Amino acid sequence: MQLNDWLLRGDYGSAPTQYVPMIISLLLSFVCGHAIAYTYMFTHTGLSYSRSYVNTLVIMPVIVAMVMMILANNLVLAFGLMAIFAMVRFRSILRDTLDTAYVLAVIVIGLACGTMKLTSALIGTVATAGIMFYFWATAFGTRHRYDFIINLQWMRPLTELPELRQLLSRHSRRLQCASQRSNEGYAGMDLSYRLLLRDPARGHELLEELRGFDGVARVSSILATDESEL
């Protein structure tokens, strides 16, 4: 038997290979992987963006679909593949927990395509992309309670501290003393306040008043610029 005849006759498995459904499922998994990858590229806001990770979101459902087609109704191959995967360890660490959801999504889409559940793959892709866009558009889960942190050194007696709080209250809608500690190396008390400003654009005015306030030294501030809770 010639090599060309051997290649063209198809797989020698327990069941004949259906090439048209196989090509359709692989193409669909490739397209769905692109949809999830584009969703990730458009909605990602962190610092851990990686081109290789985006490429992985595209190729992984294709690989999973191929695995499912190869392992169809064959327990021996399934256990053999499990043994191979047990010897391979992936060292990539995902910095963003939401990235794990993208990986799981493309795996499930690949499983659906590999088992010829094409409608389920399409619905799952649309649902996953829609939910991710919903998270991105609504900033769901953000708890923005404070947007300004003031660190200062208080040199006057603690009994006169309410005067400082009155100054901070004029510029803020919400005020919380985050820390208060004394140091043996120098006089005074280190104070840290969390503020929800009435007008974030006028935060510089608060800093100017604090620097000119009697008893206040070493004023510094931190402005919240991300979605994390302060």
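Which residues have the most contacts inside the largest nonpolar core? The structure examined here is a predicted model, in which local features need pLDDT of at least 70 and side-chain atom pairs count only at pLDDT 80 or more, while totals for chains, interfaces and linings use all residues. Residues are numbered from 1 along each chain as its sequence is written, and side-chain values use heavy atoms, with hydrogens and water left out.

The protein chain contains eight helices and four strands; helices (H or I, at least four residues) and strands (E, at least two) are DSSP runs numbered from the N terminus. Along the sequence their order is α-α-α-α-α-α-β-α-β-β-α-β. Of the 230 residues, 32% are buried, where buried means under 20% relative accessible area, exposed means over 50%, and partly exposed lies in between (1.4 Å probe, protein chains only). A contact means heavy atoms within 4.5 Å. Among contacts between residues at least 6 apart in sequence, 72% join residues at least 24 apart.

The largest nonpolar core has 20 residues, and those with the most contacts inside it are Leu152, Trp154, Leu164, Leu195 and Leu210. Elements that give two or more residues to this core are β1, α7, β3 (189-197), α8 (203-211) and β4 (216-223). Strand β3 gives the most, with five residues. A second, separate core of 18 residues includes Tyr40, Leu57, Ala65 and Met132. A nonpolar core is defined as a set of buried Ala, Val, Leu, Ile, Met, Phe, Trp, Tyr and Cys residues joined through side-chain atoms within 4.5 Å. In soluble globular proteins, nonpolar side chains tend to be buried together. Leu210 touches Ile150, Leu152, Leu164, Leu167, Leu168, Val216 and Val219, residues up to four places away in sequence not being counted.

Helix α2 (residues 19-43) has 25 residues and should span 36 Å at 1.5 Å a residue; its end C-alpha atoms are 36 Å apart, which agrees. The expected span is 1.5 Å times one less than the number of residues. Buried residues of α2 include Met22, Ser25, Leu28, Ser29, Cys32 and Ile36. An α-helix has 3.6 residues a turn, so residues three or four places apart point the same way.

The whole structure holds five salt bridges, a salt bridge being a side-chain nitrogen of Lys or Arg within 4 Å of a carboxyl oxygen of Asp or Glu. Arg156, Glu160 and Glu163 are linked in a network of salt bridges. The N to O distance is 2.7 Å between Glu160 and Arg156, and the closest N and O atoms of Glu163 and Arg156 are 2.8 Å apart. Arg156 is buried, with a relative accessible area of 17%, whereas Glu160 is partly exposed at 29% and Glu163 is partly exposed at 38%. Another salt bridge joins Glu205 and Arg202 (2.8 Å, N to O). Glu205 is partly exposed at 26% relative accessibility, and Arg202 is partly exposed at 44%.

Pro157 lies in the loop between β1 (148-154) and α7 (161-171) and is partly exposed, with a relative accessible area of 46%. Pro157 and Gly188 are 31 residues apart in sequence and 8.4 Å apart in space, C-alpha to C-alpha.
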